[in-house]
Amino acid sequence: MPQFQRHFATILVLAFASALSSPQANAQEAKRPWSANPELVKKLELRRVGVNYTESKVPDYTLPNPLTANDGAAVAIAATWNASRRAELMKLFRDQVYGRRPKQEYSIQFEKTAEITDAFDGAATGRSMNAIISIADRSYSFPFVLFIPNNARGPVPAVIHINNRYFIPLDTAASKHDPFWPARTLIERGYATASFHTSNVDPDKRDGYAGGVRSFFANGQPPKDNAWRSLSAWGWAASRVLDHIESLDTIDGARVAVVGHSRGGKTSLWAACEDPRFAIAYSNNSGCGGAALSRRAYGETVRRITTNFPHWFCKPFSEYADREAELPVDQHEVIALIAPRGVYVASSDQDLWADPKGEYASLTAAAPVFQLLGKESITNPEMPALNQPRVVGQTGYHIRSGGHGLGDPDWNWFLDFADSLLK
Ligand code: GCU
């Protein structure tokens, strides 16, 4: 290349580079729909061989239409959805994905084991509680912790937090900020809040059955292939906490959100499908078997999840390993089953295992059901930019910078959304 041309090329490159880093370019970048960082994709594919993180390798797929009934008829009015189509989908998810809950009658009691009346400098009353479930002379119990604002003018909305990581005892929750369950923040924002630990309900391990509530219901008999598994059992427990909350006149049982992260986020979505009393489900980084579309087979797949966590899903789900296209349902229909109530999905940009794009896509694919039920929801096929929450009507979404986790920014954006529906 002659020298003057080389100079010219250098000038062009420099001009381009400076344009890229100019404030305008940064502002543009901040508005650009999110997509996975190619360097991260490369790095993750080297780390986990055989896992797809490349967008162009996502298989072509057609999602099942939530508004096409099993017999092929179009579901054109809300009454048909409410009378039959919703039940058809529930049956498919129960039989093929999460399992059926038991039908036995049981009684439930709530026992207060400790109380702090001036938690958070007097802003709340905190209680240690036990939910005691009885069938004949047998019982099973699990603990939860509850905070209720002290000086509210009337019944307040509440957030039930499914803690998939650890149990946070009352004293700890009252004295130490934990971004995984920031009880004080919730109180300050006007919410009552309760939290329980999943493993206290159904141990989160492949051989934990005997010690959990599923075995209690089955009186020690092994689970049938389509019986409920841990995710459904944990969601059931969230409903039991709601039973207690509903009985309190300080909390408005019609304005309760269920929140979970990761396996807890898969749980919060399914909990809200099974229990129409939940006004909002928030799923954080829930990925495969949660908000993410199974058919994308991006990051974690049906094969991987059912191999590594056989206690989460009922047996038939594992039969769709590498045959996702044959699933009679996909995860956008979990979101559709929560409609017309609120659903908020959150991803994080380094958590490609959970497939942020697939989490967002399933939220928008549920839009026709929100619309049929007379509600607005997110329809924009382009993902929002990083750290720019998007809220439309009954649905919200954000992708946060950072890794797999639930923290203060997630809570704050979620609570802004909850405020819009519950206050
Ligand atoms: C594993 C699992 C995910 C799950 C996550 C979690 O990574 O593969 O499906 O969401 O654990 O619960 O943290």
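**The ligand and its surroundings**

Tutor: The shell around the ligand, sorted by class, holds 4 nonpolar, 2 polar and 3 charged residues. Please keep in mind that this is a predicted model.

Student: Which residues are around the ligand?
Tutor: They are Ser262, Arg263, Lys266, Glu300, Ile305, Phe309, Trp312, Trp353 and His404.

Student: How far is the side chain of Arg263 from an oxygen atom of the ligand?
Tutor: An N or O atom in the Arg263 side chain lies 2.5 Å from a ligand oxygen atom. For Trp353, a polar side-chain atom is 2.9 Å from an oxygen atom of the ligand. In His404, an N or O atom of the side chain is 3.0 Å from a ligand oxygen.

Student: And what share of the ligand does the protein bury?
Tutor: The protein buries 83% of the 320 Å² that the ligand exposes when taken alone.

Student: Let me change topic. Where does Asp252 lie?
Tutor: Asp252 is part of strand S6, which covers residues 251–261.

Student: What does Asp252 touch, leaving out residues up to four places away in sequence?
Tutor: On that basis, Asp252 touches Pro155 and Val156. Pro155 and Asp252 are 97 residues apart in sequence, yet their C-alpha atoms are 5.0 Å apart in space.

Student: Now Thr364, please. Which helix is Thr364 in?
Tutor: Thr364 belongs to helix H14, residues 356–365.

Student: Why is Thr364 called buried?
Tutor: Thr364 is called buried because its relative accessible area is 16%, and buried means under 20%.

Student: What is Thr364 in contact with, beyond its neighbours within four places in sequence?
Tutor: Those neighbours aside, Thr364 makes contact with Ile378, Thr379 and Asn380.

Student: One last topic: which domains does the chain have in the domain assignment?
Tutor: The assignment gives domain 1, residues 1–31, and domain 2, residues 78–422.

Student: How many Å separate the centres of domain 1 and domain 2?
Tutor: Taken over C-alpha atoms, the centres of domain 1 and domain 2 are separated by 47 Å.

Notes
Residues are numbered from 1 along each chain as its sequence is written. This is a predicted model: local features need pLDDT of at least 70, side-chain atom pairs count only at pLDDT 80 or more; totals for chains, interfaces and linings use all residues. Side-chain values use heavy atoms; hydrogens and water are left out. Helices (H or I, at least four residues) and strands (E, at least two) are DSSP runs, numbered from the N terminus. Buried means under 20% relative accessible area, exposed over 50%, partly exposed in between (1.4 Å probe, protein chains only). Contact means heavy atoms within 4.5 Å. Domain bounds come from an automatic or database domain assignment. A residue is near a molecule or strand if one of its heavy atoms lies within 4 Å of it. A polar contact is a pair of N or O atoms within 3.5 Å; within protein, one must be able to donate a hydrogen and the other to accept it, and residues adjacent in sequence count only if both atoms are side-chain atoms. Accessible areas come from the Shrake-Rupley method with a 1.4 Å probe; for residues, only the protein chains shown count as cover. Ala, Val, Leu, Ile, Met, Phe, Trp, Tyr, Cys and Pro count as nonpolar, Asp, Glu, Lys and Arg as charged, and the others, Gly among them, as polar.
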